[in-house]
Amino acid sequence: MKQRVRGLASAAILGLAASTHAAFDCPLVEGREGGDRIPLIFAAAGYAEADKALYEADVDAAIQAFLQEPPYRSYREHFTFYRAWTPSLRSGVTEAPSDSSFGRIYMGEIYPKWDEDKFYSTYGDTQYTCRQRDSRLLLNNRVIFMVKYPQVGKSGVMLGSSNRVFCLRGSATTVLHELGHSLGELSDEYDGFPSWGSTTWNPDGTPIHRLYNVTRNIQRDSIPWKVWIADTVPIPTEPGYRDNNAIGAYEGADYQSVGTYRPSAFCLMRDYSHYCKICRESLASHILSYTSRTFANRISLDTVAPFPSRSAWSPTVVSGGSVVVRRIPGDTMPVSLRWRFNGVWLTGVRETLDVAILPGDGSLEAILAGESPFIRNPDLIPRDTLRWTVRKPSGARARSGRADGIRCIGPGLFVVESGVSVPQWARSANGKRVPLHVVARTADGWLVRGPSTFGEVLFPDGMDNKANTVGGVR
Ligand SMILES: [Zn+2]
């Protein structure tokens with residue numbers, strides 16, 4: 001269940017400085033901090049001091065279910081879980097607005113409710129803030145409120161398109177369903193509640209957010225997930241279609257049984273099974289492009305240094321050292337990273353680039369693409385280009401040596417021009433043969449690295465018998 005509420009972002013900022021708070025604990029319970037990881041913070045509503053162990057077990061069950069569910073389990077390193085302990089004065093939320101529970105949360109007819117006016121200005125009469133952490137952690141990130149309510153038959157809810165998720169304890173799949181709204185901008189796929197209207201389209205028919213898993217237009221070419229639909233699958237797709245797992249356009253979604261369509265017969269956004277392929281695609285796309293900073297359309301990274309420019313006209317200048325672009329490790333299929341210098345692809349460079357290997361000055365780019373087995377729609381593949389301008393101090397330029405298409409550009413670094421066979425070995429100063437290896441393809445040949453103390457480069461046998469001294473010795 002998803003509910004529309006407007007104007008809460010500004011309210012959240014106002015609430016930040018509102019009042020003095022008592023401290024509460026907010027330990028990290030799973031994952032690592034740093035980079036563009038997505039913090040998910042659990043908070044307790046209706047758990048009294050005596051319910052602490054129950055709360056911790058409930059949070060643990062939700063985290064374990066989350067980490068088992070595709071696509072999250074392929075991107076588990078992208079998430080950092082916190083467990084705020086926000087005890088309420090009384091055990092169990094009631095059905096009347098109350099001061100006794102964290103967030104002033106109470107139980108409505110169908111799902112938990114809260115006092116909108118007071119929700120962000122105070123967290124209830126037992127007021128809290130994070131002891132070890134900035135209270136912004138709670139205000140600026142997704143918070144999953146675990147609600148302890150003694151009866152069954154109620155639902156979880158996500159607040160608008162925001163980062164507040166409310167789930168009744170005891171149903172880890174509710175947590176996954178509500179996080180589907182929050183993390184993937186997914187619509188509900190169930191039907192049978194026509195009076196609820198829509199949380200996807202405005203009354204005038206314009207969409208509230210980008211459409212991922214529901215549509216009202218079933219022209220084959222207009223369906224948001226059209227790239228997933230086989231030509232043999234009829235549109236609309238009958239509920240009893242022979243292939244239960246076929247992606248199609250099944251009638252019934254966004255609470256309406258007629259005129260609104262969903263991609264799959266089954267989905268966690270409908271019947272609490274597992275996310276369908278289309279919902280996984282949206283989730284993977286959002287996870288890979290989550291950013292902890294304010295740039296739009298960027299790819300989530302563990303580390304980037306020096307901080308890059310994203311525009312060609314205001315580049316960050318680097319003169320030496322390393323350029324590091326580290327992806328969040330552990331992905332089943334990691335974001336692809338390719339480097340380009342003055343328009344020419346570099347090969348063999350991984351996440352750390354030594355500026356010294358670049359032949360001269362110019363424009364360095366790291367080009368990222370969040371390709372994923374979950375993403376088939378080309379429009380949903382996150383892409384990013386990071387830019388630096390290389391301007392080396394003049395004293396660091398190549399000191400010596402050029403012979404037969406090989407030139408030295410620094411200690412142990414040679415550019416072998418196109419058309420010349422790349423040497424395999426060098427002779428070191430003490431006469432030993434030492435291997436050379438290609439570290440990059442450059443604009444005019446190959447960049448070859450060896451130890452920084454040799455004097456000769458030997459051409460491979462059979463190609464040329466000459467041994468050329470090309471310098472670079474220090
Ligand atoms: Zn779905």
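## A walk through the predicted model

Start by selecting strand 9, residues 142-147: five of its six residues are buried, so the strand is largely enclosed by the rest of the structure. Here "buried" means 20 or more other C-beta atoms within 10 Å of a residue's own, "exposed" means 12 or fewer, and "partly exposed" is in between, with C-beta atoms placed from the backbone. Helices (H or I, at least four residues) and strands (E, at least two) are DSSP runs, numbered from the N terminus.

Before going on, remember that this is a predicted model: local features need pLDDT of at least 70, side-chain atom pairs count only at pLDDT 80 or more, and totals for chains, interfaces and linings use all residues. Residue numbers start from 1 along each chain as its sequence is written.

**Next to strand 9.** Two strands pair if DSSP finds at least two bridges between them. Click on Phe-145 in strand 9 and you'll find Ala-43 opposite. Now bring in strand 11 (residues 164-168), which pairs with strand 9 in the parallel sense over five bridges. Phe-145 has a bridge partner there too, Phe-166.

**Two helices.** Select helix 2 (residues 52-68) and helix 5 (residues 172-184): their axes come within 8 Å and cross at roughly 60°. That makes helix 2 oblique to helix 5. (Angles under 35 degrees count as roughly parallel, over 145 as roughly antiparallel, 65 to 115 as roughly perpendicular and the rest as oblique; axes are lines fitted to C-alpha atoms, for helices over the stretch in contact, and angles run from 0 to 180 degrees between N-to-C directions.) To see the contact, show Ala-61, Ala-62, Ala-65 and Phe-66 of helix 2 with Ala-172, Thr-173, Val-175 and Leu-176 of helix 5. Being in contact means C-beta atoms, placed from the backbone, within 7 Å.

**A loop stop.** Go to Leu-211, in the loop between helix 5 and strand 12 (250-253). Leu-211 counts as partly exposed because it has 18 C-beta neighbours inside 10 Å. Leaving aside residues up to four places away in sequence, Leu-211 touches Thr-200 and Pro-224.

**Last stop.** Finish on Ala-305, whose bridge partner in strand 16 is Val-324.

Technical notes
Contact = placed C-beta atoms within 7 Å.
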